[in-house]
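Good morning, and thank you for joining. Please have the structure open as I speak.

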2 protein chains.
Amino acid sequence: MQDITVVGCGVMGGSIINALLNANINVTIVDINKNAAEKFISRGAKYFASLDEAGDNDCILVNLPNHKIASGVLSNANKERLNGKMLINTTTSSPEEVSAMDQLAKDMGMMHLDAKIENYPGDIGSDKAYLIYSGCRQVFDAARNVLEAIGKAVYLGPDIIGASVIDIAVLDVHFGAIATLAESVAYCIKYKYSVESFIEQAKEILPIMLAGNYRAFSDECSNYTGSFEDASECTLRIETTAMKTILDSMHSAGVKTPCGDSILDLFQKGIESGNSSKNVVAIVNELM
Amino acid sequence: MQDITVVGCGVMGGSIINALLNANINVTIVDINKNAAEKFISRGAKYFASLDEAGDNDCILVNLPNHKIASGVLSNANKERLNGKMLINTTTSSPEEVSAMDQLAKDMGMMHLDAKIENYPGDIGSDKAYLIYSGCRQVFDAARNVLEAIGKAVYLGPDIIGASVIDIAVLDVHFGAIATLAESVAYCIKYKYSVESFIEQAKEILPIMLAGNYRAFSDECSNYTGSFEDASECTLRIETTAMKTILDSMHSAGVKTPCGDSILDLFQKGIESGNSSKNVVAIVNELM
């Protein structure tokens with residue numbers, strides 16, 4: 001595939017267009033704001049203010065601020081012109097919104113591949129870019145070179161909500177790590193200890209620390225029943241004691257720990273439920 | 001160095017002793033519980049119930065349940081026998097406790113290297129084991145082969161509290177990730193979506209997602225002033241909107257989000273402080 005229409009030329013859409021032009025793909029831009037498209041027009045991109053005016057490319061990639069805007073743009077476009085075309089939607093959206101988009105795509109006669117971007121715009125087009133896709137396999141295969149120009153492309157399966165479920169789930173962990181990263185940076189600063197050294201070590205240590213937990217969560221929750229085996233290495237009670245030690249130390253350094261406090265409370269509820277000798281994964285019960 | 005005394009033969013101490021014996025190092029075990037040591041005695045380890053009875057090895061590694069027990073064992077031992085020896089302490093402890101241990105080591109005439117273990121016991125002795133050290137460089141160099149038999153050995157510098165500060169800081173992020181990992185697993189289960197697939201993707205995506213934040217926290221907080229540049233890619237307001245979307249979606253799936261709620265509250269306080277166009281690192285202010 002050598003031609004694609006990209007709807008949306010904001011920070012993320014612009015990064016995608018840049019990567020596609022770098023890969024010598026012909027890009028048609030659709031955006032109400034022509035200014036945002038100027039730098040790409042000068043590099044050979046075509047520009048139109050609306051989807052109905054745009055050229056007749058087989059594949060349309062949509063990257064808009066939210067689902068409401070994305071579905072508005074599609075449902076207001078000429079249905080006959082969209083019939084039979086491929087839709088790749090990278091707009092951030094919940095599983096319910098993705099299902100609604102899938103119904104809209106069916107109504108328009110389009111083949112629909114949902115896409116979620118797992119990196120910041122600055123990494124698009126580099127080997128750090130990582131995108132997950134779910135839905136129509138035919139679109140994934142046909143647009144493969146386009147998708148790989150954007151970043152690493154991982155197809156999760158035909159279930160259209162897959163990419164959105166994983167996107168939301170991963171983002172939640174991302175933000176849990178960010179909030180505690182901020183607590184820890186504040187803690188290092190209080191001790192006048194090198195933030196750079198902490199960050200350098202965190203990059204090394206966290207994949208190691210999380211390896212055991214990734215394993216435990218996957219093994220014990222893949223067929224979730226609500227009951228868990230006793231932990232072989234480190235029980236919820238031991239983890240809770242460790243968390244308490246950390247928070248005591250952070251408090252004594254004068255650091256607030258809203259995220260850490262919520263973690264300790266969650267762990268303690270897990271112990272009260274009788275899960276003290278279980279792995280930390282047993283707290284999943286408290287969240288259901 | 002071919003001989004070492006290990007004080008403490010619990011789950012972690014036992015894993016360390018196992019790794020040392022595998023590396024053909026002569027181990028003298030000190031523990032009040034002889035039963036725990038039996039399996040190592042049969043492999044050639046010596047055993048004594050107290051430090052004063054133990055052989056005269058130059059290097060003593062202490063791994064006990066907490067600082068109070070570790071400092072009790074050392075302060076009750078014969079000072080003349082410990083004079084001039086090397087102390088490596090892997091006991092979990094706060095910076096204040098490490099400072100107290102350092103004073104005790106000085107009083108006993110010992111050279112002191114503090115150590116913190118960043119992995120679960122099951123990974124000790126494998127290429128997944130990772131330990132950080134701070135304090136006396138001479139001990140680190142002399143005991144190098146012993147330390148490398150336990151795991152990857154990283155020397156942080158002569159500041160004795162270094163390893164404990166980084167240990168606490170990294171553990172806090174670890175637990176932030178664990179709590180949100182549990183939220184996300186609950187979310188996948190609610191959508192009947194594969195937990196294994198989520199865990200597999202989380203392992204790939206999280207280092208990528210965190211790369212930008214590691215960079216930002218390091219760049220903007222290494223010389224902390226309390227003021228931050230505007231974000232170039234993704235502002236605190238955008239991050240907050242994303243977090244809100246995630247929590248709405250998790251709530252609509254019937255998942256409780258105590259950790260996520262605390263994150264959103266923290267981000268919103270950051271915006272109220274006037275940091276909406278700043279990078280997410282600006283929330284460090286709210287924690288100080």
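In chain B, 8 strands make up an open sheet with mixed pairing, in the order β3-β2-β1-β4-β5-β6-β7-β8. Strands here are DSSP runs (E, at least two residues; helices are H or I, at least four), numbered from the N terminus, and two strands pair if DSSP finds at least two bridges between them. At the edges are β3 (46-48) and β8 (152-157) of chain B, each pairing on one side only. The model is predicted: local features need pLDDT of at least 70, side-chain atom pairs count only at pLDDT 80 or more, and totals for chains, interfaces and linings use all residues. Residues are numbered from 1 along each chain as its sequence is written, chains are lettered from A and ligands numbered from 1 in the order written, and side-chain values use heavy atoms, without hydrogens and water.

Within this sheet, β4 (residues 59-62) and β5 (residues 86-89) of chain B pair in the parallel sense over 4 bridges. There, Ile60(B) stands opposite Leu87(B) of β5(B).

Which helix of chain A lies across β7 and β8 of chain B? That is α9 (residues 195-221) of chain A, running at about 150° to β7(B). Such angles run from 0 to 180 degrees between N-to-C directions, with axes fitted to C-alpha atoms, for helices over the stretch in contact; contact means heavy atoms within 4.5 Å.

Turning to chain A, its 8 strands also form an open, mixed sheet, ordered β3-β2-β1-β4-β5-β6-β7-β8. The twist averages 25° from one strand to the next.
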